[in-house]
Every structure is written in structure tokens, then in C-alpha cells.
Amino acid sequence: MQSKSLKVIVGLLVLFLALSLGACAKNVKKESVKDGGKRSIETSADGKKITIKSEEGEMVIDPDGVDLPDNWPEDMPTFPKAKILSAVKNEGTVNMAMASFQTREAISAVTDFYDKELPENGWSIDNRIETGPDTVIHMASKGDRIVSIS
């Protein structure tokens, strides 16, 4: 069951990349997927905002900013000086939320924020990896939930 959700998520990401690289549709478009379900794809009039919906969730991408998914955990800290560029909500066999943020703040400010805020919100930092001056990955857990922030 988990692999079906993963296939749906991967399919949505591939579809997003295809839309990003090609010309975006101007109207709602429905496409069949192999499992017989339906996916709807909507773009804004200017082609910037893309919303992809399936039976298990949705993905919203907009360079001007979007809202966090409605299933975003209340105890997950979000960097206050960041714009949310994309949000993914999956409530199928795996309950999952993802978001992409953008900030002009220094990597050290973001890293310091998560070093402090994750434990203060009850998350245990299980691993912290620095792969260079511009990349830090936090892996944390709380109960049966996990998070990866990079």
C-alpha cells in the first residue's frame, strides 16, 4: 500500500516537472493514470501557479507563495522569514505533508533556528549532516513521525 502512495507522489512530481519544462495548460485538464483514477491539473492565467489534485492529495506550486497544507503538523516549526513556494498534502495510505520554502536569510540563521526550535517543540534531532557551506540536513523524529529538513 505504501508503494502505491509513493508511486502517486512520484507521478505527481514527474507531472510537475513535465509541466514546468513544457508549456503549461491554460485550463483544467484531466488525465487518466494507470490505476484508472483521475488527476486534475489547474494552472493560473499567468501560468505561474500549478495545482495538481488526485484521489489521495494535492500539490500546489507558485513562485509568488502558497499556504501550508492543511494537514501540516502544528508542532512543526517553520522558519518565520521564509516564503512557501510549494506544498504537498497526501492523505491516502500514508499521511504526509511537504513544503518548499525560500528565504534570503543566511544558511546559518536557518540552521540555528531548527537546532533550537525542533527540540523546543518536542522533536529529537536524530542526525544533522553538513555537506558543504550551503547545505545542512536535519533529520528528526517525534513518536512515530519523522521529518527531514534540508
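This is a dialogue on how to read a predicted protein model.

Trainee: What should I know before I start?

Mentor: This is a predicted model, in which local features need pLDDT of at least 70, side-chain atom pairs count only at pLDDT 80 or more, and totals for chains, interfaces and linings use all residues. Residues are numbered from 1 along each chain as its sequence is written, and side-chain values use heavy atoms, with hydrogens and water left out.

Trainee: Where is confidence lowest, and where is it highest?

Mentor: Start with the score. pLDDT is the predictor's confidence in each residue, from 0 to 100. Here the protein averages 78, and 75% of the residues score at least 70. Confidence is lowest in helix 1 (residues 2–21), at a mean of 44. Helix 2 has the highest, at 95. Over residues 1–34 the pLDDT is below 50. That stretch still has 51 contacts in the model, beyond near neighbours in sequence. A contact means heavy atoms within 4.5 Å. Where pLDDT is low, the predicted coordinates should not be read in detail.

Trainee: What counts as a helix or a strand?

Mentor: Both are DSSP runs, numbered from the N terminus: helices are H or I with at least four residues, and strands are E with at least two. Two strands pair if DSSP finds at least two bridges between them.

Trainee: In what order do the strands of the open sheet lie?

Mentor: The order is 7-8-9, with antiparallel pairing. Strand 7 (124–132) and strand 9 (145–149) are the edges, and each pairs on one side only. From one strand to the next, the twist averages 10°. For such angles, axes are lines fitted to C-alpha atoms, for helices over the stretch in contact, and angles run from 0 to 180 degrees between N-to-C directions.

Trainee: How many bridges hold strand 7 and strand 8 together?

Mentor: Seven, in the antiparallel sense, with strand 8 covering residues 135–142. Ser124 stands opposite Ser141 in strand 8. Ile125 faces Ala140 there. A hairpin of two residues links strand 7 to strand 8.

Trainee: What joins strand 8 to strand 9?

Mentor: Five bridges, and the two strands run antiparallel. Ala140 has Val147 as its bridge partner in strand 9. This hairpin also has two residues between its strands. Gly143 in the turn has a positive phi of about 65°.

Trainee: Which strands does helix 2 lie across?

Mentor: Helix 2 (residues 107–120) lies across strand 7, strand 8 and strand 9, at about 10° to strand 8. Its 14 residues reach 20 Å from first C-alpha to last, close to the 20 Å expected at 1.5 Å a residue. The expected span is 1.5 Å times one less than the number of residues. Just after helix 2, Gly122 takes a positive phi of about 90°.

Trainee: Which residues of helix 2 are buried?

Mentor: Buried means under 20% relative accessible area, exposed over 50%, and partly exposed in between (1.4 Å probe, protein chains only). An α-helix has 3.6 residues a turn, so residues three or four places apart point the same way. In helix 2, Thr111, Phe113, Tyr114, Glu117 and Leu118 are buried. The buried residues of helix 2 pack against strand 7, strand 8 and strand 9.

Trainee: Which residues make up the largest nonpolar core?

Mentor: A nonpolar core is a set of buried Ala, Val, Leu, Ile, Met, Phe, Trp, Tyr and Cys residues joined through side-chain atoms within 4.5 Å. The largest has ten: Trp72, Met76, Phe79, Phe113, Tyr114, Leu118, Trp123, Ala140, Val147 and Ile149. Helix 2 gives the most to this core, with three residues. Apart from this core lies another, of seven residues, among them Ile41, Ile50, Ile52 and Val88.

Trainee: Is Thr51 buried or exposed?

Mentor: Thr51 is buried, because its relative accessible area is 10%. Thr51 sits in strand 3 (residues 50–53). Leaving out residues up to four places away in sequence, Thr51 touches Ser40, Ile41, Glu42, Met59 and Val60.

Trainee: Which residue stands opposite Lys53 in strand 4?

Mentor: Glu58 does. Strand 3 and strand 4 pair antiparallel over four bridges, and a hairpin of three residues joins them. In strand 4 (residues 57–61), four of the five residues are buried. Strand 4 also pairs with strand 5 (residues 83–91), antiparallel, over five bridges. There Ile61 stands opposite Ser86.
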